[in-house]
Amino acid sequence: MRVYLSEDYKSMSRRAANILSAQVITKPDSVLGLATGGTPVGAYQQLVEWYQKGDLSFAETRSVNLDEYYGLSPRHEQSYRYFMQVNLFDHIDIKYENTHVLDGLAKSPVAECARYNQLIRSLGGIDLQLLGMGHNGHIAFNEPGDGFELETHLVTLTESTIEANTRFFGRREDVPRQALSMGIKNIMQARRILIMVSGEAKADIVCRAFRGPISTQVPASILQLHPDVTLVGDREALHKLVEAGEPVCG
Ligand code: GLP
């Protein structure tokens, strides 16, 4: 694993955007696995800025998003499809038909998950998967205890994730209780992984994920077994990992 420590959120976002843009420049038709949450917003803003300057094009790029709330329409302001449009897709030249997000209104979650697994395969797999990390170590919506062997599946969110995501919905009772999510198996099959972490509240879980035992209780710990992981974080999120002896690149 390569670890890049940045002093603050802005420089961390720039570093992650650099890695994403290098992927797109060297392979314009890359399949990017994309993530939502607060952490990647700054990186998406940086990509938009470089696109607007003419330094970057996504005209051939394909994308698959990690997850979507089950029961939310793509037009709902808290849906992940809406998030991706507002934070990235509406501002760059990626073709709408090349962007893929799970359908939160699918009548059959089982059929929708099977369709998504097949879609990822038909795109030739994911070249670079961007990830954030939940406070309990979840990646996408793979919660503690979920099997590492799972592909895309319907998840029941934990209380801790519902709590963490209440800030976006305003009221706890408005947060959906279920989501459709790529599984750990889909994520581990990506050729490269870029994981972003920011803020003191993530410092303990980052340390447990990358220095502790590999366990379904900390879903992100499985990334220790992936051959090509880059961790980008700010000092607040990474200081405990560094104090525990993890070498950093910069
Ligand atoms: C949600 C998303 C995850 C994301 C996590 C962390 O639960 N499903 O993909 O990594 O939140 O979010 P944040 O970056 O806001 O801390």
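Which residue in β8 is the bridge partner of L154? The residue is L180. The description below concerns a predicted model.

Strand β7 pairs with strand β8 (residues 178-181) in the antiparallel sense, over four bridges. Both strands belong to an open sheet of three strands, ordered β4-β8-β7, with antiparallel pairing. The edges are held by β4 (67-69) and β7 (153-156). Each of these two has a single partner strand, so one side of each lacks a neighbour in the sheet. On average, neighbouring strands of this sheet are turned by 25 degrees against each other, with direction ignored.

Strands of a sheet pair through backbone hydrogen bonds, in either a parallel or an antiparallel way.

## Packing of α2 and α3

Two packed helices are described by the angle and the distance between their axes. For helix α2 (residues 41-53) and helix α3 (residues 80-87), the angle is about 40 degrees and the axes are 10 Å apart. That angle makes α2 oblique to α3.

On the α2 side, the contact involves V41, Y44 and V48. These meet F83, M84 and N87 in α3. By class, the contact of α2 with α3 has five nonpolar residues, one polar residue and no charged residues.

## Cysteines

The structure holds zero disulfides. The sulfur of C207 has its closest cysteine sulfur in C249, 17 Å away, which is too far for a bond because a disulfide needs the two sulfur atoms within 2.5 Å. C249 is likewise in no disulfide.

As for accessibility, C207 is buried, with a relative accessible area of 17%. C249 counts as partly exposed, at 47% relative accessibility.

Terms used
Residues numbered from 1 in each chain as written. Predicted model: local features only at pLDDT ≥ 70, side-chain atom pairs only at ≥ 80, totals over all residues. Heavy atoms only, no water. Buried < 20%, exposed > 50% of the residue type's maximum accessible area, 1.4 Å probe, protein only. Axes fitted to C-alpha atoms, helices over the stretch in contact; angles between N-to-C directions. Parallel < 35°, antiparallel > 145°, perpendicular 65-115°, else oblique. Contact = heavy atoms within 4.5 Å. Nonpolar A, V, L, I, M, F, W, Y, C, P; charged D, E, K, R; others polar. Pairing = 2+ DSSP bridges.
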